[in-house]
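User: I should like to learn how to read the features of a protein model. Could we work through them one at a time?

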Amino acid sequence: MATPVVTKTAWKLQEIVAHASNVSSLVLGKASGRLLATGGDDCRVNLWSINKPNCIMSLTGHTSPVESVRLNTPEELIVAGSQSGSIRVWDLEAAKILRTLMGHKANICSLDFHPYGEFVASGSQDTNIKLWDIRRKGCVFRYRGHSQAVRCLRFSPDGKWLASAADDHTVKLWDLTAGKMMSEFPGHTGPVNVVEFHPNEYLLASGSSDRTIRFWDLEKFQVVSCIEGEPGPVRSVLFNPDGCCLYSGCQDSLRVYGWEPERCFDVVLVNWGKVADLAICNDQLIGVAFSQSNVSSYVVDLTRVTRTGTVARDPVQDHRPLAQPLPNPSAPLRRIYERPSTTCSKPQRVKQNSESERRSPSSEDDRDERESRAEIQNAEDYNEIFQPKNSISRTPPRRNAATAKEAAKPSPAMDVQFPVPNLEVLPRPPVVASTPAPKAEPAIIPATRNEPIGLKASDFLPAVKIPQQAELVDEDAMSQIRKGHDTMCVVLTSRHKNLDTVRAVWTMGDIKTSVDSAVAINDLSVVVDLLNIVNQKASLWKLDLCTTVLPQIEKLLQSKYESYVQTGCTSLKLILQRFLPLITDMLAAPPSVGVDISREERLHKCRLCYKQLKSISGLVKSKSGLSGRHGSTFRELHLLMASLD
């Protein structure tokens, strides 16, 4: 490889031939800054490791040029949209197709993953924006409002909003929970190419072909400032992780801006032409650009860039790192995003409770598996980047001088800082080893497990004070085990009798009465058994049934049994999807003229359901910060209940 072209602050890493034909789209992994995905006119999606010349993996299946690609935050999933309007989602760790989403009638121009990784937004030449649930393989919402192609989509950090930029010179902000547009931001005089949310504050930046960058206040829905005089169309912008400044990838330069007031902190010369995407990792900004079939990557050392201040420095900079002044205290304070600190989890093909969701895999899924392939071109790089995440050493090896020296080397799967030419490399800070905490008994008892939770064989055997007397006679052991047998039989017999009572009422066709009888028994296990049946047929749900079930759902969500929590979440989701719009509309409607007894009864039920849902919403919000499948389900419920606030 040729020696990198070096300036004092920025340098070129490499140039690769990414596709057999022209490159039409590319994206950087924002978490690591070292994973690059490219889409080409050859209908392929190729994955690369920055500063390595060989392709890691090639994804096939599209039948038309790939015009948009996007990686999710953990860099485990990738979504690609084609010229024909089809969207495909691949699981990079499993190296296989996960979903194929159809519905757009023209080119896919923009894509973005929801911060929680379970939804994908797509914008098209057909002017529509669609929100997809990649677990269910379906479109959740369709947003209409733009009159031309949607060029960029970005979710807000808390996952409640979606910003869109289009060729119609406008930026629009959509409320995901209400399914409607919150605000429109006019002002640009050319197509808007990119939007970006501030990582912390209610602030949005947009860049346009009219060579301007505008900053929008998302509380007052008005422009904060406008930066003019860019050397060319603005195609890529990125906020610093701490939100102190905005980076703009301009023609052959990187510009650093502030917005209150608008000013340019710094200009760094980078010969990258038209940069397509930016990412930040380890105080280094990585930029990528493409021309025909070639892709070039560049690095800017951010420790040598002025990120706060009042005056732009000269592009030629000295070799000393710069001391960063404190942010301007006079800048107005804005609202901060409220978001749970959680790890994104990729969607799984799991069995669902709903009858419509328990169908077997279709022939369309089988065809996707056959037509879409993940060809691993470089097994060594693939294993380094994707596979180590799943291999966990249960017993740490004994450390010695040799292993300590090896441990000091950065793992290939971790964030790697690219070498700075002709600069002294500072030593890495020492690694502090922590003592693992003792394993605690789980707060949630799993629905499927190999051994009982909270039961120990010693609890059923006579206490032995002297270890030498540990041997027991079989008769003594059996007598201890039989002690609780009669009690357990009584419990199970009582439960069976209760279920027979509920079933007798159910066969009479009165579902509401059968649910009331199950609740009156005051046994959650009976309620769970009944709800598991009702959840399989959504048409059984009525508004008066919700008033009885909602208090029981609140108890189920607080249960320590995973199966109870799952049943409660499924029932709550069905109620929200079928009845929440009716409840909110009824409460917002003006009072009727005259006496309408049926309407008054329905209004009373809606008020009761609303009060119960408000009580449950606080519990759902508190549990939305959990990790794993439970946290994912509670976050989805929290989004559905956002209209209650």
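**Reading a predicted model**

Analyst: Let us begin with one residue of this predicted model. Met102 lies in the loop that links β9 (96-101) and β10 (108-113).

User: Is Met102 buried or exposed?

Analyst: Met102 counts as exposed because its relative accessible area is 52%, and the cut-off for that class is over 50%.

User: Which residues is Met102 in contact with, leaving aside its neighbours within four places in sequence?

Analyst: With those neighbours set aside, Met102 is in contact with Ser86 and Trp132. Sequence separation and spatial separation may also be read side by side. Met102 and Cys139 are 37 residues apart in sequence, and their C-alpha atoms are 8.9 Å apart in space.

User: What does the protein chain look like as a whole?

Analyst: The protein chain has eleven helices and 29 strands. Its length is 645 residues, of which 47% count as buried. Among contacts between residues at least 6 apart in sequence, 55% join residues at least 24 apart.

User: How should I read a helix?

Analyst: An α-helix has 3.6 residues a turn, so residues three or four places apart point the same way. Consider α5 (residues 485-507), in which the buried residues are Asn498, Val502 and Val505. These buried residues pack against α6 and α7. Just after α5, Gly509 has a positive phi of about 90 degrees.

User: Why does the length of α5 agree with expectation?

Analyst: At 1.5 Å a residue, the 23 residues of α5 should span 33 Å; the end C-alpha atoms are 33 Å apart, so the two values agree.

User: Where does α9 bend?

Analyst: α9 bends by about 55 degrees at Phe579, and the proline Pro581 follows within four residues. Helix α9 (residues 562-588) has 27 residues and reaches 36 Å from its first C-alpha to its last, close to the 39 Å expected.

User: How does one look for empty space inside a model?

Analyst: Rolling a probe the size of a water molecule over the atoms shows where empty space is left. In this model the count is one cavity of 30 Å³ or more. The largest cavity has a volume of about 40 Å³.

User: Which residues line the largest cavity?

Analyst: The lining is made up of Val515, Ala518, Val519, Val527, Leu530, Leu531 and Val549. Both α6 (511-520) and α7 (524-534) supply at least two residues each to this lining. By class, the lining has seven nonpolar residues, with no polar and no charged ones. Helices α6 and α7 are also the elements against which the buried residues of α5 pack.

How values were computed
Residues numbered from 1 in each chain as written. Predicted model: local features only at pLDDT ≥ 70, side-chain atom pairs only at ≥ 80, totals over all residues. Heavy atoms only, no water. Expected span 1.5 Å × (residues − 1). Bend = angle between axes of the 7 residues up to and from the residue. 1 Å grid on protein atoms, 1.4 Å probe; cavity = no way out; pocket = protein on both sides within 12 Å on 5 of 7 lines; lining within 4 Å. Points joined across faces, edges and corners; volume = space filled by probe spheres on them. Nonpolar A, V, L, I, M, F, W, Y, C, P; charged D, E, K, R; others polar. Buried < 20%, exposed > 50% of the residue type's maximum accessible area, 1.4 Å probe, protein only. Contact = heavy atoms within 4.5 Å.
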